[in-house]
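Subject: The structure, and some notes on it

Hello,

Here is the structure I promised to send over. Please open it next to this message, and I will walk you through what turned up.

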Amino acid sequence: MTAFRRDLAIGVVLVAIAAAVPFLFPVRYVITQMTLLFIYAIVVTQWNLVLGVAGIFSLAQMALFACGAYATAMLGLYLDWSLWAAMPAGAVIAVVAGLLVGLACLRLKGPYVALLTLALAQVAYLVIITDTDCFIRTETRCEPFTGGASGLRRFGDLGLREWLGRDWIIGNYFVGLGLLVAAMTFSVAVVKGPLGLAFRALRDNLGYARSRGISQFKYQLVVFALSAFFTGLAGAFYAAHFKSVGPTIFSFSLLLLLLAMIVVGGLGTIWGPIVGATLVMFADEGLREVQDFRTLGLGLTLALFVLLLPDGLTGTASRLLARWRGSGS
Amino acid sequence: MEVIVQVIASGLTLGAMYAVAAVGLALVYGALGMLNIAHGAILTFGGYAAFYVITSLGLPMVAGVAAAVVVGALLGLAIYVVLVHGMLSAPAFETNIFIATFGIGMALENVVLKLFGAYPAAQPLAFDGAVAVFDVFIPVRNIVILVAGILLMVATAWLLTRTQTGNAIRATAQNRAAAELMGVRVRWIYAQVLAISGALAGVSGIMVSSLTNLSPTMGGDPMLKAFIVCVVAGLGNVYGAMIAAIALGLVESTAQYLLGVRFGLATLLVLVILTLIWRPHGLFGRTQVQRL
Amino acid sequence: MDELSQETARSPRPLLVVDGVSKYFGALAAVDNLSFEVMPGEVLGIGGPNGAGKTTLFDVITGLDRASSGHILFAGDDITRAGPERICHAGIARTFQLNAGFDTLSVRENIEVAAIYGHEAPVFPGFRVRPVIRRRVDEALELSGLTDRATTPAGELAVLERKLLMVATAIVTQPRLLMLDEPVGGLTQAEMDAFVAMLARIRGEGMAIILIEHVMRFLVTLADRVLIMHHGERIYEGRPDDLANDRRVVDVYLGDGAADLIRAALDPGAAP
Amino acid sequence: MSDPLLSVCQVFAGYTGRDVLRDISLDVHEGAFVSVIGPNGHGKSTLLKCISGLLRTGGGSIRFSGDDVTGLAAPAMAARGLVHVPQGDMLFADMTVQENLMMGAYLTSDRAVIRRRLDEVHAILPRLADRRQQLARTLSGGERRMVAIGRGLMAGGRLTMFDEPSLGLAPVIIDQIYDVMTRLRESGRTIVLVEENAMRAARQSDRMYLLDNGAMAWQGNGEEFLARPEVIRSYLGG
């Protein structure tokens with residue numbers, strides 16, 4: 001149980017630090033970027049379940065995120081739902097989409113999965129940006145059902161402004177932090193428990209795992225559904241927080257950013273995605289001066305990490321630690 | 001009748017274009033088990049290399065083609081030297097090289113953006129005019145693409161089956177350790193395969209941009225299609241990729257005609273998913289019994 | 001048919017019935033119209049040259065590969081078309097020739113995962129390993145002698161330990177039939193003895209065993225009945241002591257030298 | 001006695017954390033037929049892989065025709081005339097029999113030489129001439145083995161190593177394979193043979209090395225081996 005205590009302690013410290021940030025740095029920009037960091041951190045912890053723990057090379061994570069975001073926006077816009085109701089609904093819709101992706105990948109291996117999921121996401125993107133048929137026609141404008149290339153707007157927000165006034169953004173900040181804590185707790189519980197064992201067993205040796213009674217069909221769908229839930233919720237919160245959704249969610253550079261977070265932190269590790277998300281976000285901020293070369297820097301970082309530190313920072317650190325302890329005893 | 005000719009002509013053009021891009025990918029996957037996500041960026045570089053040599057330097061078109069080939073080959077070689085060489089013997093090569101080439105591809109795209117700007121430019125290496133086939137006017141550039149595509153396929157097939165290098169490439173793809181025991185310097189073969197694949201991507205960059213336009217992101221779509229082709233054919237199957245590329249070109253042009261341009265790719269994708277559910281290793285891929 | 005029903009009336013029902021099973025890879029018949037039965041508690045040894053179709057037969061029985069034709073019944077249920085998970089839950093557990101393992105999981109986790117999922121399919125496996133599972137895992141660790149290695153990742157085990165782990169993950173699913181694919185290939189004499197000792201402990205629980213083995217001495221000392229395959233067909237089925245006297249088996253498989261050795265192994269008193 | 005053609009000196013090797021070979025030394029003289037015997041899984045194949053450069057040694061040295069070749073990769077060893085016919089054949093499955101044989105002569109560019117070797121191979125293994133255009137993946141086990149042997153011979157090496165050429169074949173085919181071994185021995189080639197069946201190897205060998213659990217347990221010539229049944233019994237388990 002020492003490992004559990006250690007993880008719990010790390011978690012409590014991190015949450016405490018995060019909770020203090022809006023009071024220590026009451027700057028709107030900092031708070032916004034931190035909220036965005038929470039959103040991305042949720043996505044990468046959940047993506048890590050599929051990619052790292054289950055070893056399924058799915059690149060559809062941002063498409064699931066988009067499902068949550070778009071579903072929330074549309075429910076708010078077309079059915080006038082409160083976003084507090086639309087967000088969980090968006091998460092559920094993402095789960096359904098996740099199940100479909102999992103189903104499509106069921107019989108495929110490694111690279112086939114990567115290509116298929118990449119293509120699925122790309123199709124969703126193309127269908128959205130080429131959408132020009134009017135769904136809502138006002139006197140001045142014509143808005144397509146999916147919002148087309150310009151996206152959806154004016155579907156409401158979380159309504160924290162009425163409560164907190166100008167501090168509504170801090171309210172959003174804590175909603176984001178809460179979601180991250182929930183997502184993280186959930187994924188740790190999954191990884192450390194029997195479900196995690198099943199995912200890892202299927203990853204390590206599919207045929208052997210099936211011969212020991214682990215249903216690939218069931219648990220591959222389960223991991224896709226689990227990971228889609230919080231990813232969809234993160235997407236929903238993204239829509240609610242920024243009060244707009246657009247097809248940029250599907251962009252390769254965003255996918256690159258998130259993939260870099262996982263790889264830098266350490267694929268398949270518990271804290272890797274969080275560490276990676278934080279570092280990559282901060283590095284990205286540091287590179288704001290040279291915004292033009294942002295993708296260049298990200299791309300090279302990703303390549304360099306895979307080349308030199310394929311286990312990521314946390315993976316490498318824990319290996320070094322183990323070696324140090326081993327030689328010490 | 002006219003519509004059929006039109007659809008077939010445009011399908012064959014698309015198919016030839018995809019084939020050139022897809023064969024490069026298939027060669028690399030077949031030999032190294034590597035998905036090269038930077039392929040699209042190499043393709044873009046090829047298109048711009050021809051553009052630069054012809055427009056800015058004012059050299060003849062042949063020099064443009066040569067520039068695309070050389071730039072593509074050099075980029076392929078660079079990817080071998082910088083990434084592949086160091087990662088080949090490390091674990092999880094297949095996943096890691098995918099991620100690494102994804103990063104490099106995005107970085108390269110960024111470089112094109114810096115060098116040439118975001119605005120689309122016209123590919124000067126293109127042919128105007130049209131010829132009538134069964135009363136349908138077909139643009140000359142489509143015919144040139146088709147002919148060039150076929151010539152490149154024939155050349156690739158010749159290289160693979162009739163030359164010592166080709167034998168070594170095939171042998172390495174089928175059994176790396178055995179090829180080494182025969183004296184094949186496998187790493188040198190890998191470098192050559194990446195260079196050849198890069199050269200093909202360079203040419204396909206000219207083809208793609210002569211049909212549409214030059215833009216820093218122009219490589220993405222044809223690369224996606226080329227991957228679809230490879231997946232349908234069975235990853236690493238070069239001849240399968242040639243056939244699948246033509247077939248998918250025809251399917252896409254038919255779908256575009258029947259359902260509209262928007263759903264061309266979506267239709268393709270549904271077909272791909274169905275194909276994969278039916279045959280998880282692609283149409284020409286072999287299912288192997290895995291011993292545990 | 002009449003004869004068969006009389007037969008079943010007299011003796012207990014067979015645990016496993018393989019009835020006219022064939023498996024084709026293209027034109028090649030890896031298993032060719034093969035039929036045999038295994039009774040509860042019996043040990044059946046399967047031998048034959050490489051490529052005779054022994055492992056393919058195992059793959060077909062355990063659902064990793066589909067039979068091209070024929071039927072397989074286990075405890076009266078038709079499992080011909082069932083997937084490997086269902087067959088595991090039905091009570092068949094097997095080991096693999098290439099020493100399969102979940103390499104990034106610890107020895108303990110390897111056995112745990114088999115204990116959780118192998119006996120019956122849990123609707124939801126929960127977030128904790130239940131105490132009853134832990135106890136069964138401890139027993140399996142003890143039985144296989146791997147208790148000291150419980151926290152070692154399976155990928156770092158030596159050959160014998162991997163084989164023992166594979167058997168441990170098999171028995172923790174509480175099978176009625178254990179199928180071992182070349183359990184002692186690559187082991188030294190002493191390691192082989194250790195393995196036999198463990199099998200003896202397992203057998204006490206009345207489990208039926210089918211084992212494929214190249215080491216004929218091992219096969220004939222352990223098996224109640226021996227089946228020799230060649231090109232997917234049965235060329236011999238019967239008592240192990242008659243094996244070395246069967247002309248076809250000696251010609252196709254054993255060779256004269258090995259046949260002498262087998263006679264010696266079965267009768268330690270006689271000179272080789 | 002002249003210097004040996006191949007000299008392995010105190011070689012160690014292993015995979016992660018486990019030594020498969022410990023302190024192995026062995027000499028092969030020009031024209032000799034040397035066999036390495038021992039039970040399955042005790043490092044015989046690993047030894048051949050170390051010699052041919054498929055696997056890196058973790059200590060010790062290897063000399064081939066007077067040069068230190070420790071650490072050279074497989075293609076470089078092949079270029080020096082060391083041929084390794086691996087276990088499990090490792091054919092180029094989607095190539096024809098003829099193409100497989102031609103890959104054996106990959107490093108030879110003289111067409112006349114290749115032609116002559118091909119004729120020799122066809123003379124020793126006539127089945128391969130009949131199967132010239134057949135894809136390797138469609139061959140039977142015995143035919144595959146013959147292609148692997150023929151492919152090794154096409155290299156025209158100075159030393160040829162065979163890793164269990166009789167493994168998994170029916171006894172009838174094994175006899176044919178050993179006829180080929182006998183012919184190769186008679187033609188004066190230098191050969192290293194890895195074999196589990198010690199009796200069979202003993203009849204051919206000028207020198208035998210017994211590998212037990214990664215270490216060299218005994219060495220001597222074939223007659224000495226046959227005269228010492230206790231060696232056979234204690235290591236090969238009767």
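This is a predicted model: local features need pLDDT of at least 70, side-chain atom pairs count only at pLDDT 80 or more; totals for chains, interfaces and linings use all residues.

**Chains A and B**

Which chains make the most contacts? Of the five pairs of chains that touch, A and B have the most contacts between them. On chain A, 41 residues take part, and they meet 39 residues of chain B. The area buried between chain A and chain B comes to about 3600 Å², and carbon and sulfur atoms give 79% of that area. If you go looking for salt bridges between chain A and chain B, the count is zero. Polar contacts do turn up there: four residue pairs, both residues at pLDDT 80 or more, join chain A to chain B in this way.

Helix H5(A) supplies the largest share, with 11 residues. Sorted by class, the side of chain A that touches chain B holds 28 nonpolar, seven polar and six charged residues.

**Chains B and D**

Chain B also has a contact with chain D. Here 18 residues come from chain B and 20 residues from chain D. About 1800 Å² is buried between chain B and chain D, with carbon and sulfur atoms giving 64%.

How many salt bridges cross the interface of chain B and chain D? The rule finds one. This salt bridge is made by the side chains of B:Arg170 and D:Glu99, at 2.8 Å from N to O. Five residue pairs are in polar contact between chain B and chain D, again with both residues at pLDDT 80 or more.

On the chain B side that touches chain D, the elements giving two or more residues are helix H6 (164-174) and helix H7 (176-181) of chain B. Helix H6(B) gives the largest share of that side, six residues. By class, the side of chain B that touches chain D has nine nonpolar residues, five polar ones and four charged ones.

As for chains A and D, they do not touch, and their nearest C-alpha atoms lie 14 Å apart.

**The six-stranded sheet of chain C**

Now to the strands. Chain C has an open sheet of six strands with mixed pairing, in the order E6-E7-E8-E3-E9-E10. Its edges are strand E6 (92-94) and strand E10 (233-238) of chain C, each of which pairs on one side only. From one strand to the next, the twist averages 15 degrees.

A handy landmark is C:Ala93, which stands opposite C:Leu178 in E7(C).

Strand E1 (residues 16-25) of chain C has two antiparallel partners to look at. With strand E2 (residues 28-38) of chain C, E1(C) pairs in the antiparallel sense over seven bridges. One position to check is C:Val17, whose bridge partner in E2(C) is C:Glu37. The hairpin of E1(C) and E2(C) has two residues between the strands, and C:Gly26 takes a positive phi near 65 degrees in it.

With strand E4 (residues 69-74) of chain C, E1(C) is joined by five bridges, also antiparallel. In this pair, C:Asp19 has C:His71 of E4(C) as its bridge partner.

Strand E4(C) is also joined to strand E5 (residues 77-78) of chain C, by two antiparallel bridges. There, C:Phe74 stands opposite C:Asp77 in E5(C). Two residues lie between the strands in the hairpin of E4(C) and E5(C), where C:Ala75 takes a positive phi near 50 degrees.

**A hairpin in chain B**

B:Val133 stands opposite B:Val136 in E2(B). Which residue in the hairpin of E1(B) and E2(B) takes a positive phi? That residue is B:Phe134, with phi near 50 degrees, and the hairpin has two residues between the strands.

Happy browsing, and best wishes

Note on methods. Residues are numbered from 1 along each chain as its sequence is written. Chains are lettered from A and ligands numbered from 1 in the order in which they are written. Side-chain values use heavy atoms; hydrogens and water are left out. Two strands pair if DSSP finds at least two bridges between them. Helices (H or I, at least four residues) and strands (E, at least two) are DSSP runs, numbered from the N terminus. Axes are lines fitted to C-alpha atoms, for helices over the stretch in contact, and angles run from 0 to 180 degrees between N-to-C directions. Contact means heavy atoms within 4.5 Å. Buried area is the accessible area (1.4 Å probe) that two parts lose on being put together, summed over both. A salt bridge is a side-chain nitrogen of Lys or Arg within 4 Å of a carboxyl oxygen of Asp or Glu. A polar contact is a pair of N or O atoms within 3.5 Å; within protein, one must be able to donate a hydrogen and the other to accept it, and residues adjacent in sequence count only if both atoms are side-chain atoms. Ala, Val, Leu, Ile, Met, Phe, Trp, Tyr, Cys and Pro count as nonpolar, Asp, Glu, Lys and Arg as charged, and the others, Gly among them, as polar.
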